[in-house]
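Please walk me through this protein model, from its overall build to a few single residues.

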Amino acid sequence: MTISLHGLTKVFPGGARALDSLDLDIGEGEFFALLGPSGCGKTTLLRSIAGLETPSSGTVSIGGADVTALPPGRRDVAMVFQDYALFPHMDVTANIAYPLRIQKVPRSRREAAAAEVAGRLSLSELLRRRPGQLSGGQQQRVALARAIACRPKVFLFDEPLSNLDARLRLEARTFLKRLQGELGVTTVFVTHDQGEALALAHRVAVMDAGRITQVGAPAEIFHRPATTFVASFIGSTPMNLLPGKVAGDALHVAGAVLPAPPGLPDGEEIVYGVRPEYADLSAAPRDDAFPGTVAVLENLGTSTLVTLEGGGDDGDLLVQVVVPEGEEPPAGTAAWAVPRPGRALIYHGDRLIHPA
Ligand code: ATP
């Protein structure tokens with residue numbers, strides 16, 4: 001089922017504008033992530049699709065039909081909450097079959113359906129247990145099974161992996177991606193974890209203050225963030241965003257003189273973005289590099305994040321570079337961060353102007 005939101009606005013009593021005239025189209029079978037900082041409106045958006053929140057204005061359509069006025073039970077969507085919302089006094093079978101019970105499906109049919117879904121999610125051994133006797137990962141699978149059992153047209157997940165520890169989270173991520181691919185049900189999930197959004201989704205919407213700043217495939221969001229906000233939000237290490245100026249065919253940025261791509265507005269202030277992974281360190285001075293002093297070394301496992309301090313005219317500028325393990329310079333030494341050719345993102349008035 002497709003999902004279309006048009007002009008969606010939600011102002012809560014008290015004045016918080018959680019959604020601000022938002023438009024969004026989600027395709028049939030798509031795995032779609034809503035990503036953004038705390039308070040940007042992700043949960044409100046998801047709840048509006050579910051019918052748990054009434055928009056102040058605008059419309060929600062599912063499968064081409066306007067469902068704005070329909071209650072949650074008539075929208076054919078299943079929502080999995082952050083805390084899974086399992087019934088503690090019911091066993092796994094009863095939990096999975098609960099929505100079917102509400103739909104008045106006869107007992108034998110709903111138990112058969114629960115057993116079938118439980119098998120798919122490797123829960124068959126656990127059918128008689130109660131939620132309190134399950135691990136976090138197992139509880140999550142019961143919550144998913146419950147959502148799947150009613151065969152909805154749309155799945156809505158609110159931070160479905162947030163209660164799992166780091167290892168389980170990675171496992172559950174792979175599992176969720178495979179399951180969504182097999183079922184082919186349009187799925188919208190909310191996360192504030194950009195790694196999770198990029199890893200799972202076909203497309204990601206980055207939200208800020210009730211609006212969508214950018215929608216795109218993970219690679220597009222990662223390599224061509226449309227604004228400095230998206231650029232600063234996406235990436236396991238934050239992007240270097242350095243103030244600079246265009247001077248003819250050169251860019252003056254944080255003590256470096258770099259070749260300016262053609263077509264930049266001469267004489268204008270810009271922001272030069274380069275990911276720490278796309279810069280290298282030099283121990284010798286270079287004109288085309290950001291000078292600084294090695295201030296902090298952070299071990300990333302197979303690589304090290306090096307923070308240089310003091311590049312540029314304003315001495316408190318920080319530039320970060322990821323170097324392979326074993327190649328980090330000693331703290332306190334001078335170093336030059338050399339951005340790799342072709343990797344620069346250039347912003348003017350907060351919008352990406354290069355690459356065009
Ligand atoms: P988080 O990642 O922290 O869950 P979010 O992006 O999901 O955040 P929402 O929960 O959608 O954000 O909240 C968006 C804005 O609306 C916030 O400013 C929040 O304080 C406000 N808000 C949410 N629910 C209500 C409510 N029931 N009453 C009043 N304000 C609310």
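Predicted model: local features only at pLDDT ≥ 70, side-chain atom pairs only at ≥ 80, totals over all residues.

Residues are numbered from 1 along each chain as its sequence is written.

The C-alpha trace of the protein spans about 75 × 45 × 35 Å along its principal axes. The protein has eight helices and 21 strands; helices (H or I, at least four residues) and strands (E, at least two) are DSSP runs, numbered from the N terminus. Of its 356 residues, 38% count as buried. A residue is buried if 20 or more other C-beta atoms lie within 10 Å of its own, exposed if 12 or fewer, and partly exposed in between, with C-beta atoms placed from the backbone. Two residues are in contact if their C-beta atoms, placed from the backbone, lie within 7 Å. Among contacts between residues at least 6 apart in sequence, 64% join residues at least 24 apart.

The unreviewed UniProt entry lists residues 3–234 as "domain: ABC transporter"; UniProt positions are given in the numbering used here, feature names are shortened, and annotations may be inferred rather than shown by experiment. That span is 37% helix and 25% strand, and its end C-alpha atoms lie 25 Å apart.

The buried residues of helix 1 are Lys42, Thr44, Leu45, Leu46, Ser48 and Ile49. After helix 1 comes Gly51, with a positive phi near 90°.

An open sheet of four strands has the order 2-1-4-5, with antiparallel pairing. Strands 2 and 5 stand at the edges with a single partner strand each, so one side of each has no neighbour in the sheet. Two strands pair if DSSP finds at least two bridges between them; strand 1 (residues 3–11) and strand 2 pair over six bridges. In this pairing, Ile3 stands opposite Ile26 of strand 2.

Most residues other than glycine have a negative phi, and most peptide bonds are trans. Ser21, in strand 2 (residues 17–26), has a positive phi near 50°. Ser21 is partly exposed because 13 other C-beta atoms lie within 10 Å. Asp76 also has a positive phi, of about 60°, and is found in the loop between strand 5 (65–66) and strand 6 (77–80). With 16 C-beta neighbours inside 10 Å, Asp76 counts as partly exposed. The peptide bond from His354 to Pro355 is cis, with omega near -5°, and Pro355 sits in the segment after strand 21 (351–354).

Finally, Leu305 lies in strand 17 (residues 303–311). Beyond its neighbours within four places in sequence, Leu305 is in contact with Thr237, Pro276, Glu298, Leu300, Gln320 and Val322. The C-alpha atoms of Leu305 and Thr237 are separated by 8.3 Å, although the two are 68 residues apart along the chain. Is Leu305 buried or partly exposed? Leu305 counts as partly exposed because it has 19 C-beta neighbours inside 10 Å.
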